Amino acid sequence: MRKHILQKIASKIPPFGRFISERDQMREAIDQLSRERCRLLEEVSSITSENLRLQQLLDEKNIGYCHCCRQQTTFVITGNWLRDQYLCTNCLSIPRQRHIQYILDTHFRGWDSLQIHESSPSNDLIARHCRHYSFSQYFESEEEGATIDGIRNENLESLTFPDDSFDLFITQDVFEHIFFPHLAAKEIMRVLKPGGAHVFTVPKEKHLPGSRPRARLVDSEIEYLDDPVYHGNPVGDGKALVTWEYGDDFEALIGRWSGGITTTYVTRDRSLGIDGEYIEVFVTKKPRH
Ligand SMILES: [Zn+2]
């Protein structure tokens, strides 16, 4: 009733009408500010709890033995993607690198005095321990087998090494970047001595029943079968296209391609700094006969 009377007065006295409408606008503005204040308070509280969570992650560390630098060390977690964010504070290795050296130390005793070749290494974590170590990178436009700036150029799909050259052949996260992995698997078996082994890491998807190419080469042109995904590359422009996604059938596939028998090692042991996603180590042995 009071509002009705005020509106009636306002319609008869214009200045009073302006006053009423300005008052209503201000009330609305105050309401808006109050809602905005609540929203900001909520935002501040969520940022604070996220900070706390990150701080807890940063604080998460443990003492253990690192198979890369061969000493007691502190492992520190710097984020929630353990695969890349669970570091040895001494050698800065990540879980899959420690896992591959753990498998070498436990299943290939004395491995560091064997003939070893590593394809496309991105660090010297393995080289630093070995007496008979060689490595290669792949420079696509250069002659295969040639030495480019002191580095041997090798295409995994057509290696230039003689048969039976190495005791161990190592690749770390390389097989997901090859267009013809069946050729690479076969070539690696060829250059291994009988009884030798290809020891390697590659991301194996958890819920993918069948391995599949993401890109393929047709008449020297790349045909993308899926959105292009890149990982880091130690040479070239620093980008390596993911050409294959491996799934549940990976071991059977690599066995068929290579003619060897593949064993998969799964380890979760924080006292060795081994934990995280996609850190399986695969070993394909070349038959002795
Ligand atoms: Zn270390």
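Visitor: What should I know before I start?

Guide: The model is predicted, so local features need pLDDT of at least 70 and side-chain atom pairs count only at pLDDT 80 or more, while totals for chains, interfaces and linings use all residues. Residues are numbered from 1 along each chain as its sequence is written, and side-chain values use heavy atoms, with hydrogens and water left out.

Visitor: How many helices and strands does the protein chain have?

Guide: Helices (H or I, at least four residues) and strands (E, at least two) are DSSP runs, numbered from the N terminus. Here you get 6 helices and 17 strands.

Visitor: What is the radius of gyration of the chain, and what would a compact globule have?

Guide: That radius is taken over C-alpha atoms, and the globule rule is 2.2 Å times the number of residues to the power 0.38. For 289 residues a compact globule would come out near 19 Å, but this chain has 30 Å. Its C-alpha trace spans about 110 × 50 × 40 Å along the principal axes.

Visitor: Where is the empty space?

Guide: Rolling a probe the size of a water molecule over the atoms shows where empty space is left. On a 1 Å grid over the protein atoms alone, a pocket is an open set of points where a 1.4 Å probe fits, with protein on both sides within 12 Å along at least five of seven lines; lining residues have an atom within 4 Å of a point. Points are joined across faces, edges and corners, and a volume is the space filled by probe spheres set on them. The largest pocket holds about 1100 Å³. It has 41 lining residues, with Tyr138, His177, Asn233, Ala240 and Leu241 closest to its centre. Elements giving at least two lining residues each include helix H4 (95–107) and strand S5 (132–137).

Visitor: And the second largest pocket: what volume does it have, and which residues lie nearest its centre?

Guide: About 200 Å³. Of its 13 lining residues, Pro203, Glu205, His231, Val242 and Glu245 lie nearest the centre.

Visitor: Which residues have the most contacts inside the largest nonpolar core?

Guide: In soluble globular proteins, nonpolar side chains tend to be buried together. A nonpolar core is a set of buried Ala, Val, Leu, Ile, Met, Phe, Trp, Tyr and Cys residues joined through side-chain atoms within 4.5 Å. Buried means under 20% relative accessible area, exposed over 50%, partly exposed in between (1.4 Å probe, protein chains only). The largest core has 23 residues, and Leu156, Phe169 and Phe175 have the most contacts inside it. Helix H5 (181–191) gives the largest share, 5 residues. A second, separate core of 15 residues includes Ile100, Ile103, Leu104 and Tyr265.

Visitor: Why is H6 largely enclosed?

Guide: 7 of its 9 residues are buried, so the rest of the structure largely encloses H6. Phe250, Leu253, Ile254 and Trp257 are among the buried ones. The cover includes H5, strand S9 and strand S17 (281–285). Just after H6, Gly259 takes a positive phi of about 80°.

Visitor: Is Phe282 buried or exposed?

Guide: Buried, with a relative accessible area of 0%. Phe282 sits in strand S17. Contact means heavy atoms within 4.5 Å. Leaving aside neighbours within four places in sequence, the contacts of Phe282 include Phe200, Val202, Phe250 and Glu251.
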